[in-house]
Amino acid sequence: MTRADATPVLELTGIGKEFGAIRALHGVDMQVFPGEVVGLMGDNGAGKSTLVKIIAGNFRPTHGEIRFTGSAVHFNRPVDARAVGIEVVYQDLALADNLTAAANVFLGRELKRKFGPIALLDHKAMAARALELFGELRSETRPDDLVKQMSGGQRQAVAIARTRLSNARLVMMDEPTAAISVRQVEQVLGLIHRLKEQGVAVMLISHRMPDVFAVCDRVVVMRRGEKRADKPIHETSPEEVTALITGAKEAA
Amino acid sequence: MAVPLESPISFTNVGRIRWWQRGIFASQTGYVLIALAVLLVIMHFASPYFFTEGNMQNVAKNFSFIAIATLGVTFVIITGGIDLSVGSMMCFSAMITSMVMTELSTPGGLGASLFVHMAADGKTVVANVPGLILLISVAAGLGVALIAGLVNGFCTAVLGLSPFVTTLGMLSIVRGLGYVVSNGRGSFPGGPDADYFYGLTSGDVLGVPMPFIYLVILALAMAVVLHHTSFGRHVFALGGNEKAAELTGIPVVRVKIEVYVICALAAGLQGIIISGWLGSAPANMATSYELNVIAAAVIGGANLAGGIGGPLGAIVGCVLLEVIRNGLVLAQVSSYWQQTLVGVIIILAVLVDRIRSRMS
């Protein structure tokens with residue numbers, strides 16, 4: 001799946017991160033290509049979340065360089081990462097419970113209509129677009145329902161619908177299938193396929209081996225803050241990945 | 001672009017939330033509104049004086065005296081913050097307004113020569129431009145409120161101090177400054193523009209008290225801002241999930257500073273209006289009003305945990321407090337009972353809401 005001629009969407013070189021005396025990441029090199037789904041696996045504390053947060057602009061790396069679509073980038077805030085086309089679906093989904101589904105999808109980039117000098121929210125257009133997005137995700141979610149009244153799968157749909165608003169080049173999903181039903185897992189994996197078809201690169205952070213093997217082209221295994229493996233999915237097996245995660249096998 | 005709302009999804013498992021289970025019908029504001037309506041009916045039968053024109057004017061005026069500040073504090077409460085400095089702010093703004101007005105209107109006073117001159121008889125002071133002094137003095141009063149609001153907002157949003165502590169400090173600072181500038185004495189709005197001032201604050205239009213008119217205009221503006229602008233949306237998002245607000249790129253710091261500024265300005269305006277009704281701005285004016293204001297907001301359904309509240313709730317809370325006060329006066333109950341009853345109502349209102357959310 002790796003195409004040597006294409007420019008990687010994301011290219012990490014020698015990324016390292018220290019929190020005081022703790023070395024959370026060390027010398028991580030990684031490339032993600034357009035339309036590629038990369039599974040990022042590792043045990044708790046392996047450095048997955050730190051890596052994701054660096055790419056998403058929550059942390060700045062202590063060492064190393066991030067290149068996005070060929071040019072070096074420096075993110076100070078998550079907004080900077082979003083501006084270049086990196087979207088993240090957070091594990092806790094980052095939704096405001098007291099707002100409607102449509103309001104959450106458009107949070108921070110509301111559609112407005114100008115009335116002279118004042119810009120008022122365009123509720124109708126936002127609800128219509130949100131309904132369209134939920135339709136694409138085949139999620140039975142009403143745009144006008146409050147998020148606090150929703151099921152886990154619906155909340156997931158709202159969080160994913162948010163990434164579909166912009167022309168994201170890279171979507172990172174942190175455990176999107178951890179808290180939802182079997183049927184909804186199918187839907188989320190279907191959505192990942194649809195992102196891939198549109199040339200969007202997807203980084204899937206997951207503990208669920210079947211999901212990773214179902215959708216990913218390549219799997220990256222982290223352990224103790226280092227990248228231990230980076231293999232096309234058809235050259236590896238769930239057994240080998242498990243061994244790499246637990247440390248039974250040092251590297252591959 | 002209005003895309004037709006033709007549903008691409010078939011809702012087989014997800015029912016529609018019924019109209020009485022959403023919006024105002026499922027909110028504390030709704031219950032308190034019903035309680036208020038019941039109370040009004042009871043009052044009507046309990047006292048023949050209650051629904052007289054004079055008494056209604058009185059009630060409208062009295063609740064308007066805390067309602068504008070309540071609108072302001074509701075903004076802060078929706079973001080999950082609190083502002084305890086509103087009472088002191090009312091006093092300080094009123095004081096600065098009347099002091100500036102008096103100073104500019106006294107020949108020989110600081111800068112007064114620009115604004116007033118003596119009439120031919122040598123006794124009457126005449127304004128150079130009628131209304132200008134009023135404008136400047138009100139601007140000065142609101143100006144100090146703006147500064148205090150900016151400090152509140154800066155401390156909570158940028159420095160990350162707890163809003164409770166910051167505004168408790170501001171309560172004391174502003175009250176202290178009020179005593180400093182006035183030396184503990186009251187100040188009176190005076191000079192050629194004083195008549196305009198009294199007309200605009202304690203006058204009425206066709207029997208409707210001026211404060212009530214301001215309240216209605218500001219409440220409508222607030223409803224539009226909260227529900228139909230992105231600023232309002234961000235205010236709610238901040239109270240619902242601050243971390244999510246930050247991650248989605250909402251300018252959290254700016255929104256927080258803005259709500260504290262709005263709150264301080266509302267309190268300042270409220271203070272100026274009260275001083276017009278009182279005819280002076282004593283240094284101990286509006287002491288502990290912050291408690292009434294916050295109580296009214298909470299009774300009306302603003303959630304101190306953030307994320308819920310609105311202008312209707314703020315007004316309903318204020319009206320309820322005032323009707324009870326008024327009712328107790330008409331029923332010749334000792335006014336000392338008022339405070340006790342207000343406390344009971346605060347707890348009851350929150351309790352009813354808790355029971356409702358447990359049931360659903």
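Student: Which residues is A:Met172 in contact with, leaving aside its neighbours within four places in sequence?
Tutor: A:Met172 is in contact with A:Val52, A:Ile55, A:Ala56, A:Val88, A:Met203 and A:Ile205. Two residues are in contact if their C-beta atoms, placed from the backbone, lie within 7 Å. This is a predicted model, in which local features need pLDDT of at least 70 and side-chain atom pairs count only at pLDDT 80 or more, while totals for chains, interfaces and linings use all residues. Residues are numbered from 1 along each chain as its sequence is written, and chains are lettered from A and ligands numbered from 1 in the order in which they are written.

Student: Which residues touch the most other members of the largest nonpolar core?
Tutor: A:Met172 is one of them, with A:Leu170, A:Val202, A:Leu204, B:Met90 and B:Cys263, in a core of 175 residues. Such a core is a set of buried Ala, Val, Leu, Ile, Met, Phe, Trp, Tyr and Cys residues joined through C-beta atoms within 7 Å. Buried means that 20 or more other C-beta atoms lie within 10 Å of the residue's own; 12 or fewer means exposed, and in between is partly exposed.

Student: Which helix gives the most to this core?
Tutor: Helix α10 of chain B, residues 252–278, gives 15 residues. Helices (H or I, at least four residues) and strands (E, at least two) are DSSP runs, numbered from the N terminus.

Student: Turning to B:Leu247, is this residue buried or exposed?
Tutor: B:Leu247 is buried, because 23 other C-beta atoms lie within 10 Å. The residue is found in helix α9 of chain B and touches A:Pro78, A:Tyr90 and A:Ala94, not counting residues up to four places away in sequence.

Student: How many residues does each chain give to the contact?
Tutor: Chain B gives 30 residues and chain A gives 30 residues. On the side of chain B that touches chain A, α8(B) has the largest share, 6 residues.

Student: What about α2(B): where does this helix bend?
Tutor: The bend is about 35°, at B:Phe65; a bend is the angle between axes fitted to the seven residues ending at a residue and the seven starting there. Of the 26 residues of α2(B), 19 are buried, so the helix is largely enclosed by the rest of the structure. After α2(B) comes B:Gly80, with a positive phi near 95°.

Student: In which sense do β1(A) and β2(A) pair?
Tutor: β1 (residues 10–19) and β2 (residues 22–32) of chain A pair in the antiparallel sense over 7 bridges; pairing requires at least two bridges found by DSSP. A:Glu18 stands opposite A:Arg23 in β2(A).
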